[in-house]
Amino acid sequence: MSKKELHFNSKAIHGGQQPDPAYGAVMPPIYQTSTYAQTTPGGHKGYEYSRSANPTRTALENALASIENGNYGLAFASGLSAIDAVIKLLEPGDEVISTNDLYGGSYRLFLQVYEKLGISFQFIGMQSVDTIAEKITEKTKLIWVETPTNPMMNVIDIRAIAALAKEKGLLLAVDNTFATPYLQRPLDLGADIVMHSATKYLGGHSDVIVGALVVRDKALADKLYFLQNASGAICGPMDSFLTLRGIKTLHVRMQRHCENGEAIARFLKSHPKIEKVYWPGFEDHPNHDVAKAQMDGFGGMISFIPRGSSFEDAVRIVEKLEVFTLAESLGGVESLAGHPASMTHASIPKEEREKSGVVDALIRLSVGIEDSQDLIDDLQQAIG
Ligand SMILES: *Cc1c(COP(=O)(O)O)cnc(C)c1O
């Protein structure tokens, strides 16, 4: 049976992998080398210089392509450098329509780096496709979607936007960091590019900074590969190895992230000292139907607002947590708590932030794979 036909749980382990040709090593060795001996000028075994390609990175890139049901994977030095490569497909004068409630670093890259180079960005709520259609002009080239959104957990209908993008001849890129391909496969829903901060769930152990792109189209893959090699923000061999190792347990970890996420979301929702909980698995979540249709589960990312709703209330709770670590990032085996207004989203002006619901009291949890009772007890003592 070809590895392409395997189920997801098997692809996470075997997808795009084969024993190393040198000695049959089951895990690809960490090819910690910059260059490769040639027998005659141009006479090499497919590798010349490790910015262009490295066998450990190739193994990771093949795994990425496999789990996202794509044909080509590209591994970058960080999620942001992967996004950077996508924006470099554009030219001055081009316009991008982006989710309004998105990763703070993406917002900063778009506005503080690319806007001054002549690319313009519109940030809008994407719960309705009509809103997007209204913003398209002849200069629009790319739609940038993040779903579930960060940190408000809105869910955006990828299939509907893909149909619009196709009709208008636009590229659709989806940041799939929060859902991972275990829960959502954007290429199957019609997107052209899937992007990951593999730093998060794909790596899964809070030990690397890595980014990824996966596409199906050869011409698009060639352009992105050109940019990856020309700009040079590649994923190194050690980080490629660690990320590949992480992917091999993605399905097992995600299953537990989902179970724990649900237990904690329901605990918070029933807690008298909690005002509001954002998690797409709730039946009364405004996009629950879309989430149910396009995702295979609801993940372990949750945001909530404590009663009282002040900056100080939120800070007091995150400081008191003991099992949850107060830290940036998400998607690791350990549970993390964050305060978006002062941490991940501090680079977005308060007024912009609050328009999309990121108020000062909002707390974001990345629920890990510990025992859920310990996590609930920890939240209980911190909320008081
Ligand atoms: C972390 C993150 C990024 C940026 O990735 P880095 O690996 O930190 O560069 C982009 N998008 C989302 C949704 C993220 O969580």
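Predicted model: local features only at pLDDT ≥ 70, side-chain atom pairs only at ≥ 80, totals over all residues.
Trainee: What volume does the largest pocket have, and which residues are the closest to its centre?

Mentor: On a 1 Å grid over the protein atoms alone, a pocket is an open set of points with protein on both sides within 12 Å along at least five of seven lines, whereas a cavity is a set where a 1.4 Å probe fits but cannot get out; lining residues have an atom within 4 Å of a point. Grid points are joined across faces, edges and corners, and a volume is the space filled by probe spheres set on the points. Here the largest pocket has about 550 Å³. It is lined by 20 residues, of which D20, P21, Y31, Y47 and P55 are the closest to its centre.

Trainee: How do the residues of that lining divide by class?

Mentor: Ala, Val, Leu, Ile, Met, Phe, Trp, Tyr, Cys and Pro count as nonpolar, Asp, Glu, Lys and Arg as charged, and the others, Gly among them, as polar. The lining of the largest pocket has 10 nonpolar, 8 polar and 2 charged residues.

Trainee: Which helices supply the lining of the second largest pocket?

Mentor: Helices (H or I, at least four residues) and strands (E, at least two) are DSSP runs, numbered from the N terminus. The second largest pocket holds about 390 Å³, and L170, L171, D192, D217 and L220 are the closest to its centre among 20 lining residues. Both α6 (158–168) and α8 (218–231) contribute at least two residues each. By class, this lining has 10 nonpolar, 2 polar and 8 charged residues.

Trainee: How many cavities of 30 Å³ or more are there?

Mentor: The count is 1. The largest cavity has a volume of about 60 Å³, and its lining includes P148, M153, F178 and M301. That lining has 9 nonpolar, 2 polar and no charged residues.

Trainee: How is an aromatic pair read?

Mentor: It is described by the distance of the ring centres and the angle of the planes. Rings of Phe, Tyr and Trp (its six-membered ring) pair if their centres lie within 6.5 Å; planes under 30 degrees apart count as stacked, over 60 as edge-to-face and the rest as tilted. The structure has 9 such pairs. F8 and Y182 have ring centres 5.9 Å apart and planes at 65°, so they are edge-to-face. F8 lies in helix α1 and Y182 in helix α7, so this pair ties together parts 174 residues apart in sequence.

Trainee: Are F8 and Y182 buried or exposed?

Mentor: Buried means under 20% relative accessible area, exposed over 50%, and partly exposed in between (1.4 Å probe, protein chains only). Both F8 and Y182 are buried. For F110 and F123, the centres are 6.4 Å apart and the planes at 25°, so that pair is stacked. F110 is buried at 0% relative accessible area, and ring pairs link Y107, F110, F121, F123 and W144 into a cluster.

Trainee: Where does E95 lie?

Mentor: E95 is in strand β2 (residues 95–99) and counts as buried at 15% relative accessibility.

How values were computed:
Residues numbered from 1 in each chain as written. Heavy atoms only, no water.
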